[in-house]
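Please examine the structure shown below. The paragraphs that follow lead through its pairing, packing and confidence.

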Amino acid sequence: ESRDARVETRESRRESRRESSRVESRTRRVYELTSSRVVRRRRGAKSARDMTTVSVTAVTKGAAPWRRHRCGGGGCASVSSSSSSSSPPPRCVVRARASEPWAVSCARVFRWDDVLDARATAATGEDDDATTTTSEENAAHTSPTLMRGTTGNFIVIDGANLAWGLAQKLKSRFTSKTRVPMSAAVLAALDYEPWRASGFTTHAFIPREYVVGYVNSVCDGGGLSTVNAELVEYLGKGMWVNRRLMDEVDAGRLTLVSRDGVDGRGLRKADDLTILTRAKEADAWICSNDKFRDHRRERGIGFSSGKALKEFARLRRFDHNFLIPLEDDVISATLEASGWTPKVGASFVENYDGPQRRVVPEREPDAPTPYHAMPQRVLPVYFEPLPTDSMKTARKTYLERQGWSVSRIIA
């Protein structure tokens, strides 16, 4: 019985230490990411109630020099004993970098006018002296922990995810039998007008074979019977190229990512790793429906752990959707009035010398309608960025804290 009691006691102590560590880490992260205050840990702190805060100005106004020490935390610093303050210096202080709230950063992406108006109203009453620090101090004492909000205007687009997202949308909307990756999805995100009006810079990453490759992998290809001859050219020896995407590559708005592996098998996640690496370096937003859960064990992309990657994806990644507002009868009438003739199939491609399998020389009355080849004037498709559930919650919480309400006109 005594042995069982000792084992139970040890397990209870371990669980208590783990719980204390979780509470302390969560409390410190909340203060560090959401406010311009400094979190200080008392000696022997066991719970969140033992965590105290001191203002940034109270710590930085003195003449005490700062030095690094081995405390186990990457963003910690200690004050040397030469401090001029009469009170004892803090043993371990975490400096927080000033940044705009996460909801405000999301509002600039999704055009949330209510959040932007509430932020503008709150900014007029803020005291600038409360959180003012020099650029040298920020550079020397900035915590490496990811800030929730960002003032960056860079959006990284997952080209493969968007291309297949529109393909799935067309298949489910018109009950098609095949899916063809669409280059129109990538261009719709790159040219999204609200982002351009807000000063955002967009850049897309896409696998190389989606632009130059075999007919079954290139965008707007899919196969010899579904290839869009208006956008895809035949290069010879079974290789095809998407002219529209290649123009974006020449313009510098699209980057091709090679999936060729050193072992000859290839690396299908190379484009995702490139997107995460570039977004991490620039603290950029990521437009993709992929949550990147299968990359949390990667160690060569700049994240210290899987939790860090998960947190970054939660704060910087948002979803997308494609809208097809017209009904089927309206689409049919628009198609007939436009006089557009589809050029779908390898028979419409010049200089094609490959096999002629399932090639349709001309569109028959009972042939399936090639919705994937319809231009924007015939089949309007609109891109729409979507916030995640966490971003919606942040918006609601921010408006509640600011006391914002819908303006009403009393007659």
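In strand 10, Trp 240 is the bridge partner of Gly 213. Strands are DSSP runs of E with at least two residues, and helices are runs of H or I with at least four, both numbered from the N terminus. Strand 10 covers residues 239–242 and pairs with strand 8 in the antiparallel sense over two bridges; a pair requires at least two bridges found by DSSP. Helix 9 (residues 243–251) packs on the sheet and touches strand 8, strand 9 and strand 10, its direction making about 65° with that of strand 10. Such angles run from 0 to 180 degrees between N-to-C directions, with axes fitted to C-alpha atoms, for helices over the stretch in contact.

This is a predicted model, in which local features need pLDDT of at least 70, side-chain atom pairs count only at pLDDT 80 or more, and totals for chains, interfaces and linings use all residues. Residues are numbered from 1 along each chain as its sequence is written, and side-chain values use heavy atoms, leaving out hydrogens and water.

The sheet is open, with three strands in the order 8-10-9 and antiparallel pairing. Strand 8 (212–213) and strand 9 (232–236) stand at its edges with a single partner strand each, so one side of each has no neighbour in the sheet.

The largest nonpolar core holds 54 residues, of which Trp 195, Ile 206, Trp 285 and Phe 318 touch the most other members. A nonpolar core joins buried Ala, Val, Leu, Ile, Met, Phe, Trp, Tyr and Cys residues through side-chain atoms within 4.5 Å, buried meaning under 20% relative accessible area with a 1.4 Å probe, protein chains only. Helix 3 (residues 102–110) gives the most to this core, with seven residues.

The chain averages a pLDDT, the predictor's confidence in each residue from 0 to 100, of 75.

How values were computed: Contact means heavy atoms within 4.5 Å. Buried means under 20% relative accessible area, exposed over 50%, partly exposed in between (1.4 Å probe, protein chains only).
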